[in-house]
Amino acid sequence: MSTTTVETSATVTEDRPAPAGRRRRARGERSLSASLAAHGILIAGSVVALFPVAWLVFLSLGPDKDDYLHPGGIWRKMTFDNYTFVLQHTNFFDWLKSSLIVSLGTTVLGVLVAATTGYAVSRMRFPGYRKFMWVLLVTQMFPVAVLMVPMYQILADLQLIDSYLGLILVYCTTAVPYCAWLLKGYFDTIPFEIDEAGRVDGLTPFGTFVRLILPLARPGLAVAAFYSFITAFGEVAFATTFLLDDQKYTLAVGLQSFISEHDAQRNLMAATAVLIAIPVSAFFYLVQKNLVTGLTAGGTKG
Amino acid sequence: MTVAIDRATGKRHGDRAPRPGLGQRLKHGYQKHWYAYAMIAPVAVVLGVLVLYPLVYGLYLTLTDADSLNTARTIGVNHIAATYEFIGLDNYKDVLFGPTAYDRFWSHFLWTIVWTALCVALHYCIGLGLALLLDQRLRGRTAYRLILILPWAVPTFVTVFGWRFMLADGGVINSVLGTLHLPTPLWLEDTFWQRFAAVMVNTWCGVPFMMVSLLGGLQSIDTALYEAAEMDGANAWQRFRYVTLPGLRSVSSTVVLLGIIWTFNQFAVIFLLFGTTAPDAQILVTWAYYLGFGQQPRDFAQSATYGILLLAILIVFTSFYRRWLNRHEQQLAI
């Protein structure tokens, strides 16, 4: 809830008449040099943040795969050929479809499964509560290496290697506990009085949850959904290992396939990278205000 | 039917009635808490099937000599049964104390520790610095903020390739260094520079998260505290030291823990930057992946052993971290 409260008290003190003699600075006001230094550092930081992405966009406009070695030449022969080639002659849309199926599947399953649990651990105390929370926490920090080998064996037994369902199930191992944590944090911010009012009016706890709390928790659900989506969308290790057919690759795997041992189509790769980056970052910027609030809700409450 | 909707979030001690018999307690517990259990059931089932079962299976694999040549597999229409054997704790003994254990495990272990510490320290310091700058009244503050979170907005697997083009031999970074008559290291080939590049790229990727979280923390500090400190004659450093830092403590302890876990488990950056070509720059996670899936024959048992060891390290670390926080009377926010 903190990102929206940007009130500073500086406006109050500004009007105070400066005392005679040596001029004193009001609160929140800085000397010119401090201001310049702040802008200087922020501009430098922005350049560092922006440059690798901008460079990728720039390289994607060069028609030849070795253009990255002589970027000066790109200015003269700038073209969108790479983009048309990627869209028409590669599996880009197949990859996009796979990515969307897997990510959306994970998101829907994760949020659906986790929602009631988030509510239960937010409102109810039951024997085993602390252990359960501990399990949720520990499951989120599983390194990929822990589950990869056994999962590979199990999915191979079930003929689920190289299938979307297999990958969705694997992603749910982290998405479900993660969503449960996030949603608990959000449910904690909804006043208990609402539950009590619902209970007084004769709703069952489940009814309270469905009819009163869920509609109020929509922003929290959105944040949980967004996090699961982004995590599944950008996952590399499992997707690289468990998908074999190059039509089923997700974008994260497909992008790697431009660089093989004997050939590196860097120009096409850059174009694909830009095509992926634009919608994802646009989406990210739309929801970014709510992100950290959801993640550290408990923390910023103090 | 009573359902415990319980406001107490802290520890609850005392006022326990004398314990009734086991059957009685089970029945009572069931009646009182069945709603809670029903509501956590979906997650419990999912975790049991998708996490617990593979985990146990993985544990079992670490006690065998399974690799891709002796596990059950289907080639064409022929199904070949598994022939791997139970060998007890030999894998652990071999990984931790075997003849070349230093090269295979401990060197990666040390590098992983250095990697995690360096990256999280850089994330935190740079993130805090930028957050402090953005917390002032400043022209163009929103614009700066939006640009600075760009590395977070673009998926890592995309930006790492951007860095790879920049760091490549003959790429833009070395061209610029060359024009400035500075040494042009082989970023993607020389061990030291590989590690340097990995830390650099990961720092670039991780700072925005810290910055935004800490900015949220800064803005939730009550401005009256700063005013009071100023009335008492505290200078800028003292205000930072005695108001800002304590005010950030709760957010900090959370994001640092998250940062440590994420960095320790960071797979994408190193894997995509070097593939399986740089054995000395691999941290434990990517090294375990290399053992299990990046080489032929695939050594499943050793890879699973690394996985279990990694998980053990993380669990021990997190337990100590939480205990340490509890001793200083802080609650973890996550």
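## Helices of chain A

Chain A contains 14 helices and 0 strands, where helices (H or I, at least four residues) and strands (E, at least two) are DSSP runs numbered from the N terminus. This is a predicted model, in which local features need pLDDT of at least 70 and side-chain atom pairs count only at pLDDT 80 or more, while totals for chains, interfaces and linings use all residues. Residues are numbered from 1 along each chain as its sequence is written, and chains are lettered from A and ligands numbered from 1 in the order in which they are written.

Of the 302 residues in chain A, 45% are buried, a residue being buried if 20 or more other C-beta atoms lie within 10 Å of its own, exposed if 12 or fewer, and partly exposed in between, with C-beta atoms placed from the backbone. Among the contacts in chain A between residues at least 6 apart in sequence, 74% join residues at least 24 apart; two residues are in contact if their C-beta atoms, placed from the backbone, lie within 7 Å.

## Helix 6 of chain A

Helix 6 of chain A covers residues 144-157, and its 14 residues reach 20 Å from the first C-alpha to the last, close to the expected 20 Å, the expected span being 1.5 Å times one less than the number of residues.

Because 12 of its 14 residues are buried, helix 6 of chain A is largely enclosed by the rest of the structure. The buried residues include A:Val144, A:Pro150, A:Met151 and A:Leu155. After helix 6 of chain A comes A:Gln159, whose phi is positive, near 60 degrees.

## Domains of chain A and A:Val86

Chain A is divided into domain 1 (35-79) and domain 2 (86-297), with bounds that come from an automatic or database domain assignment. The centres of the two domains, taken over C-alpha atoms, are separated by 32 Å, and their contact takes 10 residues from domain 1 of chain A and 8 residues from domain 2 of chain A.

A:Val86 belongs to helix 3 (residues 81-89) of chain A, and A:Val86 counts as buried because it has 24 C-beta neighbours inside 10 Å. Leaving aside neighbours within four places in sequence, A:Val86 is in contact with A:Phe92, A:Leu268, A:Ala271, A:Thr272 and A:Leu275. A:Val86 also lies 8.6 Å from A:Met269, C-alpha to C-alpha, although 183 residues separate them in sequence.

## Where chains A and B meet

The contact between the chains takes 88 residues from chain B and 86 residues from chain A. On the side of chain B that touches chain A, helix 1 (residues 22-62) of chain B gives the most, with 18 residues.

An unreviewed UniProt entry lists residues 109-321 of chain B for "domain: ABC transmembrane type-1"; UniProt positions are given in the numbering used here, feature names are shortened, and annotations may be inferred rather than shown by experiment. Over residues 109-321, chain B is 77% helix and 0% strand, with end C-alpha atoms 19 Å apart.

Helix 10 (residues 236-264) of chain B has 29 residues, but its end C-alpha atoms are only 35 Å apart, short of the 42 Å that a straight helix would reach. Helix 10 of chain B bends by about 55 degrees at B:Arg249.

Definitions and conventions:
The bend at a residue is the angle between axes fitted to the seven residues ending there and the seven starting there.
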